[in-house]
Amino acid sequence: MRALIAVDKFKGTLTAAQVTDHLRPALEGAGIRVDATPLADGGPLFPARSSAGGFSLHEAPVTGPLGGTVTARWALRGEQAIIEMAEASGLALLQRQGGSVDPASARAATSVGTGELIAHAVKAGARSIVLGLGGSATTDGGLGMLMGLGAVVFDAHGQRVDDPRGALGRATEVDMSGPLQLLDGIELTVACDVDNPLTGERGAAAVFGPQKGADEQTVEELDVQLAEFARLLKAQDTAGLAGAGAAGGMGFAALVLGAHMESGADLVLDLTGFDKALAEADVVITGEGRFDVQTLSGKGPAVVIDRAHRADLPVFVVCGSADPDVPREGLAGLFQLTDKAPVEQAMSDPGPVLTAVAGDLAAAVLSCLR
């Protein structure tokens, strides 16, 4: 008997690897062979998790979200590269650089490092690039990324804008010849699981800006600047596409460069050989910290469940807690840490609770496979 574990992190408590490590002993002790595959949706650690699919990890010095230099990881397999925006332009980096999450940083944070990282991959021989969007510090519409790829920006006085920080508010002309030349013949795929447009009530500034320190006034300013940026690039129609507002508008800039968007969770599973492992499994175990309706709207565990069902395999879900209203049809079982311990204990010391849950899970798996 073989079980395939494909869980996501229990946010704020355990990584996906730690969750797997707590589940494995009880399953193996019951005579069940355990395989595991990484699960991510294009967010932070996307390149590191993809290394399980035969990718080698590389590092490059790039410009951080508030300037200065940070070291960003990216992955390469043959001519295919995986890049995660958060590695170069992430909110965690902003805080690590000593910046505070406030209106000033919300205006200034730049995605230039992501462009530099893409340029590194191209120079290393990548001809196909997967760009994961998530965890960004920026709301610059991807203008910084374009500058990192060689775009030239001019202000209202016709002067070249060399500092990418806050460049969105100063740009009146953008020469795109550099990025277009650098990426000529390069296939660019965006891993993204949000469908927000660039501007408006569901746009990058309104929905994600407050998470990055933008107050109400800053949100309004950034939204106006993003709309003007789309006009400058003559890409107003592109600005309205689903995903254009992802990662502070990075989705918009990527679409302008000719990228196509795919589900981040699907891409990671494909890149890490999930279907091959699935073909050898008898049962699938997935889950995350909070299992709810949002989970089933396309996040990693939902994709795992769908693929397992298509392979006619039983699926078990392990989570910290589950929304009582979330549909459970089609699940062989659902196990919550909160069934074993109070919420406070499940959050503060989840390891022993998860180990206890693993015993019940192993018994259920055995019963299901007999």
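**Stop 1: two loop residues**

Select K234: its relative accessible area is 73%, so the residue is exposed. Here, buried means under 20% relative accessible area, exposed means over 50%, and partly exposed is in between, with a 1.4 Å probe and protein chains only. K234 sits in the loop between α10 and α11 (236-239). Helices (H or I, at least four residues) and strands (E, at least two) are DSSP runs, numbered from the N terminus. The phi of K234 is positive, near 55 degrees, and the residue is not glycine. Most residues other than glycine have a negative phi.

Before going on, note that this is a predicted model, in which local features need pLDDT of at least 70 and side-chain atom pairs count only at pLDDT 80 or more, while totals for chains, interfaces and linings use all residues. Residues are numbered from 1 along each chain as its sequence is written, and side-chain values use heavy atoms, with hydrogens and water left out.

Now select D312, in the loop between α15 and β14 (315-319). D312 is another residue other than glycine with a positive phi, near 60 degrees. Its relative accessibility is 68%, so D312 counts as exposed.

**Stop 2**

Select helix α10 (residues 216-232) and show the side chains of R231 and E228, which lie 3 residues apart, about one turn of the helix. Residues three or four places apart in an α-helix point the same way, because there are 3.6 residues a turn. R231 and E228 form a salt bridge, 2.5 Å from N to O. The term stands for a side-chain nitrogen of Lys or Arg within 4 Å of a carboxyl oxygen of Asp or Glu. Both partners are partly exposed: R231 has a relative accessible area of 43%, and E228 is at 32%.

**Stop 3: pairs across the sequence**

How many salt bridges does the structure hold? There are 15. Next, select D270 and R307, whose closest N and O atoms are 3.0 Å apart in a salt bridge. D270 belongs to helix α13 (residues 264-271) and R307 to helix α15 (residues 300-310), so this pair ties together parts 37 residues apart in sequence. Is R307 buried or exposed? R307 is buried, at 8% relative accessibility, whereas D270 is partly exposed, at 46%.

Then select K340 and D360, which meet in a salt bridge of 2.8 Å, N to O. K340 is in the loop between β16 (333-336) and α16 (343-348), and D360 is in helix α17 (residues 350-369), so the pair ties together parts 20 residues apart in sequence. K340 is partly exposed, at 43% relative accessibility. D360 is also partly exposed, at 35%.

**Stop 4: an enclosed helix**

Select helix α12 (residues 246-256). Why is α12 described as largely enclosed by the rest of the structure? The reason is that 10 of its 11 residues are buried. Among them are M250, F252 and L255. G258 follows α12 and has a positive phi, near 95 degrees.

**Stop 5: the whole chain**

Finally, colour domain 1 (2-39 + 273-368) and domain 2 (45-262) separately. These bounds come from an automatic or database domain assignment. The centres of domain 1 and domain 2, taken over C-alpha atoms, are 33 Å apart.
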